[in-house]
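Biologist: I should be grateful for a close look at the aromatic pairs of this structure, with an account of the chain around them. How many such pairs does a search of the whole structure find?

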Amino acid sequence: MKKRLTITVIVFLVAASLSWADDFPIQFSSIDTELKNDYAVNALGDYYVTGLGLGVQAGFDITPIENLGFFGAIDYNYGISKTIWVDSFQDISLIAGISYMLKPDGPVAFVPEIGYGICVHLLPGDIDRDGTDSTSFYFDQMLTLSIKGIYTFNEVLSVYISPEVKFYLESGSSAILAGYDLGARINL
C-alpha cells in the first residue's frame, strides 16, 4: 500500500511539474543514476560481506524555498553472504526524502539527504536450516543518511560521490550498512 502511494505521488508530481511548468511550486529538477557499495557495521557483519547495487533517484526542487528539495528513489542491492545457509542478500528499496543543496562558489556543491522508506529483503538459501532451499522475504522500514559531493560539468551533467548510512529499523534488532555511491546526475 505504501509503495503504491509513494509511486502515485511521484508520478503525479512529475506530471504536474511538467504540465504546470514555472507556476507550480514543485519542479522536477534531476535524475540520478548510481552504483552502490556497502558494508555491515554492526552484528549483521557476521553474515554479510559486502553489497553491490544500482539506484535511480528523481529530484524535485521546492521553488519557494531556495536550495530545498525532495526526492524519490528505488534501489537494488545484492549482498554477498558469509554463511552457507543464505546464498545472498537481495534488497529492493523504495525511499522518499528531503535534500538541501549547499552551493559553494564554483562547480562543486554538497547535498545532504535524509530519506525514509521500505525495503523488501529476498533471502535465497536454506534459511530454516532443514536441508531445503527456498526464498524467504520480509519487509523492513529504513532510514538513510547521505551527503553528495557533486561536481558539475555543465548545465545538464554532473557526477557525484556520496557516503551513505542505512539503518534498517527491525523490531527485534537493527541492521546498519555504511558505504558509498558513485553516480551521475542529469539536470533538467
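Modeller: Let us begin with the chain as a whole. Among its contacts with a separation of 6 or more, 55% are between residues 24 or more positions apart; a contact means heavy atoms within 4.5 Å. The structure is a predicted model, in which local features need pLDDT of at least 70 and side-chain atom pairs count only at pLDDT 80 or more, while totals for chains, interfaces and linings use all residues. Residues are numbered from 1 along each chain as its sequence is written, and side-chain values use heavy atoms, without hydrogens or water.

The average pLDDT (the predictor's confidence in each residue, from 0 to 100) is 88 for the chain, and 88% of the residues score at least 70. One helix and eight strands make up the elements (DSSP runs of H or I, at least four residues, and of E, at least two, numbered from the N terminus). Helix H1 (residues 2–20) has the lowest mean pLDDT of the elements, 63, whereas strand E7 (residues 157–168) has the highest, 96. Where pLDDT is low, predicted coordinates should not be read in detail.

Now to the rings themselves. The search finds six aromatic pairs (ring centres of Phe, Tyr or Trp, with its six-membered ring, within 6.5 Å; planes under 30 degrees apart are stacked, over 60 edge-to-face, the rest tilted). One of them joins Phe 28 and Phe 60: the ring centres are 5.3 Å apart and the planes stand at 35°, so this pair is tilted. Because Phe 28 belongs to strand E1 (residues 26–40) and Phe 60 to strand E2 (residues 48–62), the pair ties together parts that are 32 residues apart in sequence. Phe 28 is buried, at a relative accessible area of 16%, and Phe 60 is also buried, at 2% (buried is under 20%, exposed over 50%, partly exposed in between, with a 1.4 Å probe and protein chains only).

Another pair is formed by Phe 137 and Phe 139, with ring centres 6.3 Å apart and planes at 85°, and it is therefore edge-to-face. Here Phe 137 is exposed, with a relative accessible area of 54%, and Phe 139 is exposed as well, with 52%. For the chain of 188 residues, 41% count as buried.
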